[in-house]
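Open the structure and keep the sequence beside it.

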Amino acid sequence: MSPPITLYGDRISGNCLKIKWVADYLGVPLRWVQVDVATGGTRAPEILALNPVGKVPFVVFADGRILSESNAVILHLAEGSDLIPADAFTRARMLQWMFWEQYSHEPFIAVRRFHMAFMGRPADSLDPKLLERGNVALGLMERTLADTDFMAGDAVSLADVALVAYTRVAHEGGYDLAAFPSVSAWVARMERTLGIGEREGYAQP
Ligand SMILES: N[C@@H](CCC(=O)N[C@@H](CS)C(=O)NCC(=O)O)C(=O)O
């Protein structure tokens, strides 16, 4: 068996878990090195030496090459698999949602959750735009998932992996997923598809 890929990540981070889920789904061996974001682990000299960006996740391959940005990493891992649609337009639609996730979903939903669930910040101390724009994102997902089982169409793709990472824990950031029934059903579908269990709860590494 080839040596495992090493993932530097924090188990509270959906961006990091995305990579583990894709590796598990594909049967790719992965070694996890825990880096605590909340206590500044990403700024440790040995971590900055590997990834000068000062963020997780990043992966180190057996040949020493390093890759960061969660969606770039899952794209690379899943190359040639059924998580990437064969049809060119559907593949582009998958990418559309993955770019959208990083610019119009994660910055609101993941950030509000981080402040509330891990930094102990009360909801009323946070920028109200986080809740407002996160709900706009969930609303767009709701309308999409009312028509199709998965974000890019009828089959699961990396767009679903990218988006489920923080959607499934949006309630920890004060979002009410019950208001988005198609999204809630899709979260359950994705957890089954990826084998995400309670043991992988964000609060306990
Ligand atoms: N766009 C990046 C986001 C990476 C990111 O923001 N990582 C956070 C944890 S989820 C982090 O390392 N924060 C530490 C810091 O900014 O100091 C990705 O998708 O990988």
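Helices here are DSSP runs of H or I with at least four residues, strands are runs of E with at least two, and both are numbered from the N terminus. Keep in mind that this is a predicted model.

Strand β1 covers residues 5-9, and strand β2 covers residues 30-34. The two pair in the parallel sense, over five bridges. At Gly 9, the residue standing opposite is Gln 34 in β2.

Asn 15 has its place in α1. Is Asn 15 buried or exposed? Its relative accessible area is 10%. The cut-off for buried is under 20%, so Asn 15 counts as buried.

What surrounds Asn 15? Set aside its neighbours within four places in sequence. Asn 15 is then in contact with Pro 57, Ser 70, Glu 101, Gln 102, Glu 106 and Tyr 166. The side chain of Asn 15 makes a polar contact of 3.0 Å with the side chain of Lys 18. Another polar contact, at 3.5 Å, joins the side chains of Asn 15 and Gln 102. Val 161 is 146 residues away from Asn 15 along the chain, yet their C-alpha atoms are separated by 9.8 Å.

Helix α4, residues 88-118, gives the largest share of the lining, with six residues.

Move on to the second site. Ser 68 lies in strand β4, residues 66-68. Its relative accessible area is 23%. Buried needs a value under 20% and exposed one over 50%, so Ser 68 is partly exposed. Leaving out neighbours within four places in sequence, Ser 68 is in contact with Asn 51, Pro 57, Phe 58 and Val 73. Finally, compare Ser 68 with Leu 17. They are 51 residues apart in sequence, and 13 Å apart in space from C-alpha to C-alpha.

Technical notes:
Residues are numbered from 1 along each chain as its sequence is written. This is a predicted model: local features need pLDDT of at least 70, side-chain atom pairs count only at pLDDT 80 or more; totals for chains, interfaces and linings use all residues. Side-chain values use heavy atoms; hydrogens and water are left out. Two strands pair if DSSP finds at least two bridges between them. Buried means under 20% relative accessible area, exposed over 50%, partly exposed in between (1.4 Å probe, protein chains only). Contact means heavy atoms within 4.5 Å. A polar contact is a pair of N or O atoms within 3.5 Å; within protein, one must be able to donate a hydrogen and the other to accept it, and residues adjacent in sequence count only if both atoms are side-chain atoms.
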